[in-house]
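Biologist: I would like to learn how to read helix packing, a pocket and a few backbone details in a model. Please take them in turn.

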Amino acid sequence: ELMFLLTGGVSLKSAEKNPDPTWLQDKSWEEICRASEFPAFKELREHFCEHITEWQKIYDSKEPHNAKFPVPMNEKLNELQKIIILRCLRPDKITPAITNYVTDKLGKKFVEPPPFDLTKSYLDSNCNIPLIFVLS
C-alpha cells in the first residue's frame, strides 16, 4: 500500500470503463481500479460506481483531505488507506493529508518548522563554516 501511495501502482491490463468521465479523469479511474487489487480495497471499484455522486462531492470539495468518505469506506479504511484513495481522486491534496496524518500520529512539532535562532547559528559558524541564507 505504501508503494502504491508513492507510485500509483503499475498495471499492464486496461481498466474498466470510466463510470463518469465528465468529472473523473481516466488516470484517476485507472488508479482506483489498480487500488482495488489490494485486499483492503477489493470492494472499492463497485462501491465507487454505486456511490459516484458522493465521491464526486469529495472530488469537488475545497478540502477533500478532511471530508468523510461514503459509508462503509469511512469506517472500514484506516487513515493511510484513505490517503491512497485521495491520491487517486485528488493528488493535489496529498500534502495536507499527509500533514494531518503526521500531526495525528506523531504530533504537531513534526510538521512545524523550528524557529530560526540567528545567535545560535552564528555561534555554530566560523571562518571555515559560513552561514548561507537562501532568499526565496
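What follows goes through these topics by question and reply.

Modeller: This is a predicted model, where local features need pLDDT of at least 70, side-chain atom pairs count only at pLDDT 80 or more, and totals for chains, interfaces and linings use all residues. Residues are numbered from 1 along each chain as its sequence is written, and side-chain values use heavy atoms, with hydrogens and water left out.

Biologist: At what angle do α6 and α7 pack?

Modeller: Two packed helices are described by the angle between their axes and the distance between the axes. Here α6 and α7 pack at about 175 degrees, with axes 10 Å apart. Axes are lines fitted to C-alpha atoms, for helices over the stretch in contact, and angles run from 0 to 180 degrees between N-to-C directions. This makes α6 roughly antiparallel to α7 (an angle over 145 degrees). Helices are DSSP runs (H or I, at least four residues), numbered from the N terminus.

Biologist: Which residues of α6 and α7 meet?

Modeller: From α6 come Glu79, Leu80, Ile83, Leu86 and Arg87, and from α7 Ile94, Ala97, Ile98 and Tyr101; contact means heavy atoms within 4.5 Å.

Biologist: How is α2 placed against α6?

Modeller: Helix α2, residues 26–35, packs on α6 at about 150 degrees, with the axes 7 Å apart. That makes α2 roughly antiparallel to α6. Ser28, Glu31 and Ile32 of α2 touch Arg87, Cys88 and Leu89 of α6.

Biologist: Where is the largest pocket lined?

Modeller: Rolling a probe the size of a water molecule over the atoms shows where empty space is left. The largest pocket has 15 lining residues, and His65, Asn66, Ala67, Glu79 and Lys82 lie nearest its centre. On a 1 Å grid over the protein atoms alone, with a 1.4 Å probe, a pocket is an open set of points with protein on both sides within 12 Å along at least five of seven lines; lining residues have an atom within 4 Å of a point. Both α6 (79–89) and α7 (94–105) give two or more residues to this lining.

Biologist: Which peptide bond is cis?

Modeller: Most peptide bonds are trans. A cis bond joins Val71 and Pro72, with omega about 5 degrees. Pro72 sits in the loop between α4 (52–60) and α5 (73–76).

Terms used:
Angles under 35 degrees count as roughly parallel, over 145 as roughly antiparallel, 65 to 115 as roughly perpendicular and the rest as oblique.
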